[in-house]
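Hi there,

Here is the structure I promised to pass on. Please open it alongside this email, and then read on for what turned up.

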Amino acid sequence: MLPHEARPALTGSPSIVEVMIIWRGWGALPIAIAAACIGLGVAMSSANPGLRSIFVGLMLMAGGVGTWFLGQWFNKTRPVAEFDGWFAKRREEVGHLVRGGAYSNVPDPQRPGQLADPWAVGEYMLQQEAAKVRGALSNRHTLFFVPMQFVGPVLAVGGLAAMVTGVFN
């Protein structure tokens, strides 16, 4: 559409609500887990609809616990394994660079006029890269900028709220 063209007026039902969901990585998975839990709770209560809120609440609480552990695995456990593999590979690459003379002409900041130990420079560079990579690997799976494991307790509290409101209705 060209900038000078007028946009048509929105038509349709005024009850339509547009929602924007922001996630990164597998961060949208808690939405699917919550939907599955609600569906399972409704299906379990088909024989006794009066207990629907209890079953939905229990399922949401179970889904919250599962989301917590899934988030821990996605954001904490798996990144450690990824980082360990990256670090071992990168240490080998830095070793090849040092043996090839890549850091042999670096001045030593602590001893002016002298050259630094190439292995120490390589190790320093590796540690600097490792700090950045370690930070970039953790908490990559978020929903509305909240790490996935912290969405789990929100689901559990929602399940508890569903149970409490169902009891008083």
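This is a predicted model: local features need pLDDT of at least 70, side-chain atom pairs count only at pLDDT 80 or more; totals for chains, interfaces and linings use all residues.

Let me start with helix H2, residues 52–99, and helix H4, residues 151–168. Their axes are 7 Å apart, and the two helices pack at an angle of about 170 degrees. An angle over 145 degrees counts as roughly antiparallel, so that is how H2 runs relative to H4. On the H2 side, the residues that meet H4 include Ser53, Gly57, Leu60, Gly64 and Trp68. Their partners in H4 include Val151, Leu155, Gly159, Met163 and Val167. Sorted by class, the contact of H2 with H4 has 13 nonpolar residues, nine polar ones and no charged ones.

**The aromatic rings**

The count of aromatic pairs comes to six. In the pair of Trp86 and Phe87, the ring centres are 6.4 Å apart and the planes stand at 50 degrees, so this pair is tilted. Elsewhere, Trp26, Trp73 and Phe74 are linked into a cluster by ring pairs.

His141 sits in the loop between helix H3 (118–137) and strand S2 (142–143). With a relative accessible area of 5%, His141 is buried. A polar atom of the His141 side chain lies 2.8 Å from the backbone nitrogen of Trp26, and Trp26 belongs to the ring cluster mentioned above. Phe74, another member of that cluster, is also touched by His141. Other residues that His141 touches include Arg24, Gly25, Arg78, Val146 and Met148.

Which residue has a side-chain polar atom 3.0 Å from the backbone nitrogen of His141? That is Asn75, which lies in helix H2. Asn75 is buried, with a relative accessible area of 0%. Leaving aside neighbours within four places in sequence, Asn75 is in contact with Ser138, Asn139, Arg140 and His141, and also with Pro147, Met148 and Gln149.

Happy browsing, and do write back with any questions.

Best wishes

Terms used
Residues are numbered from 1 along each chain as its sequence is written. Side-chain values use heavy atoms; hydrogens and water are left out. Axes are lines fitted to C-alpha atoms, for helices over the stretch in contact, and angles run from 0 to 180 degrees between N-to-C directions. Helices (H or I, at least four residues) and strands (E, at least two) are DSSP runs, numbered from the N terminus. Angles under 35 degrees count as roughly parallel, over 145 as roughly antiparallel, 65 to 115 as roughly perpendicular and the rest as oblique. Contact means heavy atoms within 4.5 Å. Ala, Val, Leu, Ile, Met, Phe, Trp, Tyr, Cys and Pro count as nonpolar, Asp, Glu, Lys and Arg as charged, and the others, Gly among them, as polar. Rings of Phe, Tyr and Trp (its six-membered ring) pair if their centres lie within 6.5 Å; planes under 30 degrees apart count as stacked, over 60 as edge-to-face and the rest as tilted. Buried means under 20% relative accessible area, exposed over 50%, partly exposed in between (1.4 Å probe, protein chains only). A polar contact is a pair of N or O atoms within 3.5 Å; within protein, one must be able to donate a hydrogen and the other to accept it, and residues adjacent in sequence count only if both atoms are side-chain atoms.
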